[in-house]
Amino acid sequence: DFFSKLQARVVLEKAGIAVELAKKSQKNLGDTLLAALEKLDELAKKKKRRIVLFLDEFQVLGEISNDYALEAILREAVQKATYVTYVFSGSNRHLMEQMFFDKKRPFYKLCDLITLNRIDAKDYTAHIQLLAKKQWRKPLEQTTLTTLFSLTERHAYYTNKLCSLIFQKNYPSADTVNAEWLDYVLENKAIIERELILLSVNQRRLLILLANNPTKEPSGKAFVALSDMSVSSVTRALQMLLEKDYVYVNEAGEYTVLDPLIGHVLCLE
């Protein structure tokens, strides 16, 4: 009853439940979105319940429309909300920064910033060892954990992926972890290579170099000489790789490859 004016219906499908908007609502997507979010806040207020609306991969919104109309509508909803708290999450750092730090964008300085760094090894260890004791009735050796964290670089997706692989085996050693990771890298090598072929020659050359030689001074004489490029070429290529989220600055202050799978594929070349 509360959302009846939105002209939406819930449809039960094989894959689950889907929400379909009437054609009129689709044509006026902005108005429909704002009405839905306002009604959500009204409902929360009526029920005296706090709601957290978590929007993942939010940077994709910026690719839907060039006029930022939806961003403006969302800003209005956020500013009006009293019982709904909004959390905007995204995996592409550069695009998220564009949305929230660009003075010309509706979301400029709208929210508090929360930066999520990679999970600490000690926190991973506590969780993994708890599961290891359930699986094999004893914790993993420290060398096994060290190898796991070294290969995945504590990247959340790959740490979870490699754990899912080794937990299907008998009690694993460091050699088991190495073997499983190498198999995974080789299985995905062709996919990664197809992605990287879209980069320019200089970007690809620099990415390979950073995969094998992380550095704190990418414009320093030693690194530039190693790259066999000019300082300006290194700077331009690095800027593009940072914007595309291929490269990041790690905890040690080094410029290196963000995705450990890509890094290991490049190290094979």
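**Close-up 1. Residues at the contact of helices H7 and H8.** In this predicted model, Leu148, Leu151 and Thr152 of H7 meet Tyr158, Thr159, Leu162 and Cys163 of H8. Sorted by class, the contact of H7 with H8 comprises five nonpolar residues and two polar ones, while charged residues are absent from it.

**Close-up 2. Packing geometry of H7 and H8.** Helix H7, which spans residues 142-152, packs against helix H8, which spans residues 156-166, at an angle of about 135°, and the axes of the two helices lie 9 Å apart. Because an angle over 145 degrees would be needed for roughly antiparallel and one of 65 to 115 for roughly perpendicular, H7 and H8 are described as oblique to each other. The crossing in which H7 passes H8 is right-handed.

**Close-up 3. His155 in the loop between H7 and H8.** The loop that lies between H7 and H8 contains His155. When its neighbours within four places in sequence are left aside, His155 is in contact with Arg118, Tyr124, Leu258 and Pro260. Arg204 stands 49 residues from His155 along the chain, and the C-alpha atoms of these two residues are separated by 22 Å.

**Close-up 4. Cys111 and Cys163.** Cys163, one of the H8 residues that H7 meets, is buried, with a relative accessible area of 12%. Cys111, by contrast, has a relative accessible area of 31% and is therefore classed as partly exposed, since that term covers values between the 20% limit for buried and the 50% limit for exposed. Zero disulfides are found when the whole structure is searched.

Key:
Residues numbered from 1 in each chain as written. Predicted model: local features only at pLDDT ≥ 70, side-chain atom pairs only at ≥ 80, totals over all residues. Heavy atoms only, no water. Axes fitted to C-alpha atoms, helices over the stretch in contact; angles between N-to-C directions. Helix = DSSP H or I, 4+ residues; strand = E, 2+ residues; numbered from the N terminus. Parallel < 35°, antiparallel > 145°, perpendicular 65-115°, else oblique. Left-handed = near helix turned anticlockwise from the far one by under 90°. Contact = heavy atoms within 4.5 Å. Nonpolar A, V, L, I, M, F, W, Y, C, P; charged D, E, K, R; others polar. Disulfide = S-S within 2.5 Å. Buried < 20%, exposed > 50% of the residue type's maximum accessible area, 1.4 Å probe, protein only.
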